[in-house]
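Please keep the viewer open as you read.

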Amino acid sequence: MSGRAGGVPAADGVGVDARGRVAGLGVLRGLAVAGPAAGSTGAQHARGKLTARERIGLLLDEGSFCEVGQLRRHRASGFGLEGKRPYTDGVVTGWGTVEGRQVFVYAHDFRIFGGALGEAHAEKIHRVMDMAVAAGAPLVSLNDGAGARIQEGVSALAGYGGIFRRNTRASGVIPQISVMLGPCAGGAAYSPALTDFVFMVRGTSQMFITGPDVVRAVTGEEVTQEGLGGADVHAGMSGVCHFAYDDEETCLAEVRYLLSLLPQNNRSRPPEVVCTDPVGRRSEALLDLVPVDGSRPYDVTAVIGEIVDDGEFLEVHEGWAGNVVCALARLDGRAVGIVASQPQVLAGVLDMEASQKAAGFVQLCDAFNVPIVTLVDVPGFLPGVDQEHGGIIRHGAKLLYAYCNATVPRIQVILRKAYGGAYIVMDSQSIGADLTYAWPSNEIAVMGAEGAAGVIFRRQIAEADDPVAMRERMVKEYTAELMHPYYAVERGLVDDVIDPAATREVLISSLAMLRTKHADLPSRKHGNPPQ
């Protein structure tokens, strides 16, 4: 009996009988999983990078990955492509679970065509993106590709267009997370920018529209890939990257943690966990963490740690616009988004970057049913020619629009200062906060007492025999009349003045009451937010 008749697979993976064909299928799958020659895997590891399948193994629960399109191959010809038709076409796509919850994923395989995107490659990504939206489950992209496959010409560019369109259609419908694990240049960089979160790894991932060679040719500037678009550049300067880590293992572990704080889609709530941190736990430390003297700085992340479950929270954009803190945490086991002034950086003022950062975070929380708690200690907007010329009005309006448009439960807590327009923008009662609380150290006013007294009593101070003494007297008078801790609550602009040590209990009970909140927006195609 011949080998083919006996069920042994032929060289092309096709047997004569059923057993032979199944065996042939196993051979083909083995080729697809193994990828190109062993040397390419070694080269990937030598760069300090994992392979696509190793990355998926770290991201998903063990044994849960179901691959789709494994045997897909391109059909392009010319430039030698007809002789190179590897299975998967350089991208691994499918679904699995993270802590038992369904997640869709695609991962570029840099070993095949450098992870470059061609027609078949793009169609596989389109397919898994469509499946994620249809199933209502998060989508994670593991990016490590060299951009468009030049040999395939405009077909590759059209493939990117299809990805961008699907990113946009899925925005606010399912969580989309981009994990940058290699180069991402040119138009390819726009897909991560359209997603909800971007993770990067220092030393191995870069993002830029034009690379160092083009920059050098056009401007004469000398810059490395890392200096132009590395993880720290985008995490600390451009704001493109939300999270930056030193290695892939830590990065992918944090992606798993982030997913645990997000819902499957915009029609569901984030998962709840059993909370062992007592709801009524008092935090006397808060009485000492925040100085009553408004000119003294402190670290608001310590305040957040005292309030949330077990002191754990995930700070978003930690390295960018540090004068405002945005974080995901839990209160009584339920996910909550926190926006907080950071007096330790620029005294906690709002500037262009802080406004953009907070606005994006508020919109994300609202899209995915995450309640928002705003901790306020803001002296105003940052003054200066650069801020005005850079568009602080426009950028500040983005944060105002985001809060006004949000329908999730919203609670404001005024820790200390709340001055001028920044007080209004930071989710005041007048723009729709469901509940507003203040600590006894609160100062809510149009501006600080020193500035206000200088404006209101300018003439009296100038004409006084002792202007310094007169100024001090007028400051005390203004403070006593308009800036005492109960001025706003007496006028109904604050719902209650609370004991700082009881903040956690107050927030948890308030969020429990607001859990069934329902709010309708006017019927419209979409709003036109400030750009």
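## A covered strand

Is strand S2 (residues 91-98) mostly covered or mostly uncovered? Six of the eight residues in S2 are buried, which leaves the strand mostly covered. Do keep in mind that this is a predicted model.

## The neighbours of S2

On one flank of the pairing you will find strand S1 (residues 66-68), which runs antiparallel to S2 and is joined to S2 by three bridges.

## The whole sheet

How many strands form the sheet, and in what order do they come? There are seven, arranged as S1-S2-S3-S4-S5-S7-S9, and together they make an open sheet with mixed pairing. S1 and strand S9 (243-245) are at the edges with a single partner strand each, so one side of each has no neighbour in the sheet. From one strand to the next, the twist averages 20 degrees.

The parallel sense turns up between strand S5 (residues 176-180) and strand S7 (residues 197-201), which pair over four bridges. There, Ser178 has Val198 in S7 as its bridge partner.

Helix H3 (residues 52-59) lies across S1, S2, S3 and strand S4 (139-143), and H3 runs at about 160 degrees to S3.

Now for the charged side chains: the model has a count of 23 salt bridges. One of them brings together the side chains of Arg55 and Glu248, at 2.9 Å from N to O. Arg55 belongs to helix H3 and Glu248 to helix H10 (residues 248-260), so this pair ties together parts that lie 193 residues apart in sequence. Arg55 and Glu248 are both buried.

## Two more links along the chain

Asp499 and Arg282 form another salt bridge, and their closest N and O atoms are 2.8 Å apart. Asp499 sits in the loop between strand S17 (496-497) and helix H21 (503-513), while Arg282 sits in the loop between H10 and helix H11 (286-289), so the pair ties together parts that are 217 residues apart in sequence. Are these two residues buried or partly exposed? Asp499 has 31% relative accessibility and counts as partly exposed. Arg282, at 44% relative accessibility, also counts as partly exposed.

The side chains of Asp427 and Arg410 meet in a salt bridge too, at 2.5 Å from N to O. This pair links distant parts of the chain, with Asp427 in the loop between helix H16 (420-425) and strand S15 (435-438) and Arg410 in strand S14 (residues 410-419), 17 residues apart. Why does Asp427 count as buried? Its relative accessibility is 0%, and buried means under 20%. Arg410 is buried as well, with a relative accessible area of 2%.

Which residues do salt bridges with shared partners join into one network? They are Lys49, Arg55, Asp144 and Glu248. Arg55 and Glu248 are the buried pair from the H3 and H10 link.

Methods: Residues numbered from 1 in each chain as written. Predicted model: local features only at pLDDT ≥ 70, side-chain atom pairs only at ≥ 80, totals over all residues. Heavy atoms only, no water. Buried < 20%, exposed > 50% of the residue type's maximum accessible area, 1.4 Å probe, protein only. Helix = DSSP H or I, 4+ residues; strand = E, 2+ residues; numbered from the N terminus. Pairing = 2+ DSSP bridges. Axes fitted to C-alpha atoms, helices over the stretch in contact; angles between N-to-C directions. Contact = heavy atoms within 4.5 Å. Salt bridge = Lys/Arg side-chain N within 4 Å of Asp/Glu carboxyl O.
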